[in-house]
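Welcome! Here is a short briefing to read alongside the sequence and the 3D view.

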Amino acid sequence: MFERILIANRGEIALRILRTCRRMGIGAVVAYSEADRDTRAVQLADEAICVGPAEAKRSYLSAPAILSAAIVTGCDAIHPGYGFLSEDDTFAEMVRAHSLTFIGPSAEVLERFASKAGTRHLLASHGLPTVPGSAEMLRDDADALAEAERIGYPVLIKPSAGGGGRGMRMVRSPRELEQALTVCRSEARAAFGDDSLYLEKWLEETRHVEVQVIVDRYGHGVHVGERDCSVQRRHQKLVEESPSPALSPEANAELCRAAVDAVVAAGYENVGTLEFLVDQAGKAYFIEINCRIQVEHPVTEMRSGLDFVAEQIRIAAGEPLGYSQADVVLRGHAVEFRINAEDVAHDFRPQAGEVQRYLAPGGPGVRMDSHLYPAYEVPPFYDSLLGKLVVWGPDRPSALARARGVLDEVVLEGLITNLDFHRALLRNETFIEGAFTTNLLDRIGSAAFVSSAPRPQAVG
Amino acid sequence: MADRPVRRPPAPATDPSGDAAAVGRLADELLPALIARLEASTLGELEIRRNGWHVRLRRATLEAGQPEARGRRGVGRPHVAADQVAATGRSAALAAVGPGLPGKGADRRPAALSPAVGYFSPLASLTAGTAVRSGDVLGHVDVLGVRQDVVAPADGVVGRYLAETGQAVEYGQELVRLEAGRDPSVATIPAEAG
């Protein structure tokens with residue numbers, strides 16, 4: 001087992017990883033940028049080391065800076081968290097070349113699953129259904145038009161690299177397609193340094209369902225159920241829950257089984273997530289794999305009792321899984337609300353500034369993963385995630401009832417947040433029925449959605 | 001973790017047209033990996049060809065007159081991080097670093113800052129009292145075998161060293177204090193030997 005881990009991330013996930021290191025008796029060094037000196041993980045770490053300026057490219061995204069920090073602080077492993085270098089196979093290879101361990105899949109595995117199109121082919125060959133789409137990366141505009149014609153409009157333009165909705169556009173006609181290609185290429189190039197695009201059939205009114213898997217280096221894998229992430233705004237997840245209300249328990253179980261069988265056969269290792277679109281007929285199509293810990297992993301932790309960061313560390317250290325599918329028991333219903341510093345009324349504009357008051361909610365079945373504290377200054381350089389409120393209940397209605405109570409308990413002043421959005425969601429009939437689809441919010445308009453909600457009571 | 005067999009680095013996602021991103025990726029990611037590979041071997045030279053790229057790394061031979069710090073790094077091995085961590089005592093070396101900006105009462109005199117995370121080596125030709133000009137190189141920080149310059153932020157006279165030779169330093173750390181210079185035009189730093 002490792003003696004000392006470098007945490008190469010920030011915000012709530014740096015704190016999340018640190019907590020597991022503490023529990024496992026592993027030393028934790030936090031790598032931080034100049035903008036993150038006062039962050040909670042830096043305060044709690046055994047040691048903290050400044051790796052660069054605020055600009056992520058020169059700090060959290062700089063492979064030499066992160067690796068050098070791990071070496072000079074005597075770490076034997078690096079946990080990349082999510083985003084930044086977490087799925088970078090070249091970085092994983094560099095880490096190994098310096099005789100350190102990358103906590104995640106090996107460089108070979110990351111490379112194998114690096115291309116979304118390549119992964120779709122690979123997992124389709126192991127039995128997963130995929131969305132009809134272009135067979136290869138688009139060569140040029142003419143190729144794109146021909147492929148779109150073959151697939152049938154509307155189509156979704158997607159970048160081969162990255163995620164999070166950047167470089168993605170849905171188009172309904174050849175004219176829209178031609179206009180969007182240029183924009184998507186430049187967005188993809190700016191965000192991921194790779195402007196290759198492909199097309200997918202756009203499925204109307206879909207659900208986003210993903211399957212959590214854990215696979216050791218010896219080909220033993222389990223799934224830990226699914227999560228429904230259909231509450232999205234422009235492909236950004238806002239709320240995640242498990243189990244998915246989109247499918248029957250039998251259909252969910254079948255999807256999870258197919259997913260874990262396919263990734264084990266394809267040689268995946270470590271913790272990962274397979275994302276599917278589920279259409280109105282309940283048919284699931286594999287879209288992509290995330291070779292890292294996900295933001296929404298606590299949803300599954302609440303149901304399973306597993307610690308996914310600990311599982312990542314154990315598997316990276318070469319330990320066998322040590323349990324089988326029958327040992328994975330999922331209980332009740334869990335929902336996560338992403339609390340972001342953004343102004344829902346003004347197109348989700350990101351906010352930065354000082355947290356003046358902060359009080360986290362509590363009680364049975366409530367978990368708040370957040371790096372906030374009063375007087376903490378939210379820097380403007382990174383994502384707007386302030387924390388994740390996760391609630392558990394024996395069933396969905398009781399989980400939602402608990403969520404209503406604790407959302408009104410949260411005190412977070414000094415910044416505009418999306419808390420009112422979540423309060424509105426919990427009073428929305430479509431959500432309560434479990435019938436939310438991925439494009440519902442964009443269709444209604446988020447501002448209109450929030451203004452329809454009852455105001456929360458003032459909390460002392 | 002035990003060493004595992006070395007694998008060829010994955011091909012960078014580039015084409016031979018040589019766009020800036022590809023060059024940046026080569027410099028930032030591939031080169032440090034290759035340097036590490038060379039260090040871990042007993043080879044004197046390593047060459048890689050891919051997609052029209054052609055990179056050759058040659059091990060530097062230590063010669064008399066090079067800064068003492070280079071010599072400390074072990075015979076025939078330009079830079080092996082793990083050895084050095086043990087040699088410098090990593091925790092002690094970083095104990096003074098810690099998080100947080102210098103306190104409010106901190107010294108207001110200018111200091112040359114570390115450009116990166118790595119191991120510090122001052123310029124051998126530099127001693128306290130040497131007059132320097134803004135932009136002069138005062139030393140280096142070794143990042144995975146690649147040296148980055150420590151630069152004087154202002155004209156002045158070299159004062160106290162705030163980090164020792166071979167010490168692990170973090171980004172932005174104060175390394176060399178500068179005192180007010182009487183006449184910075186009279187002296188310059190001799191060029192570094194080697």
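In this predicted model, R16(A), I17(A), T20(A) and M24(A) of helix 1 of chain A meet V309(A), A310(A) and I313(A) of helix 11 of chain A. Meeting here means being in contact, with C-beta atoms, placed from the backbone, within 7 Å. Residues are numbered from 1 along each chain as its sequence is written, and chains are lettered from A in the order in which they are written. Local features need pLDDT of at least 70, side-chain atom pairs count only at pLDDT 80 or more, and totals for chains, interfaces and linings use all residues.

**Two helices of chain A**
- The axes of helix 1 (residues 11-24) and helix 11 (residues 308-316) of chain A come within 9 Å and cross at roughly 65 degrees.
- Helix 1 of chain A is therefore roughly perpendicular to helix 11 of chain A, a label for angles of 65 to 115 degrees.

**A77(A) and its surroundings**
- A77(A) is found in strand 4 (residues 77-79) of chain A; strands are DSSP runs of E with at least two residues, and helices are runs of H or I with at least four.
- A77(A) counts as buried because it has 21 C-beta neighbours inside 10 Å, the cut-off being 20 or more.
- Leaving aside neighbours within four places in sequence, A77(A) is in contact with residues including F2(A), I5(A) and L100(A).
- The C-alpha atoms of A77(A) and L100(A) are 5.3 Å apart, although 23 residues separate them along the chain.

**Chain B**
- Chain B has four helices and 10 strands.
- Of its 194 residues, 31% count as buried.

Definitions and conventions: Axes are lines fitted to C-alpha atoms, for helices over the stretch in contact, and angles run from 0 to 180 degrees between N-to-C directions. Angles under 35 degrees count as roughly parallel, over 145 as roughly antiparallel, 65 to 115 as roughly perpendicular and the rest as oblique. Two residues are in contact if their C-beta atoms, placed from the backbone, lie within 7 Å. A residue is buried if 20 or more other C-beta atoms lie within 10 Å of its own, exposed if 12 or fewer, and partly exposed in between; C-beta atoms are placed from the backbone.
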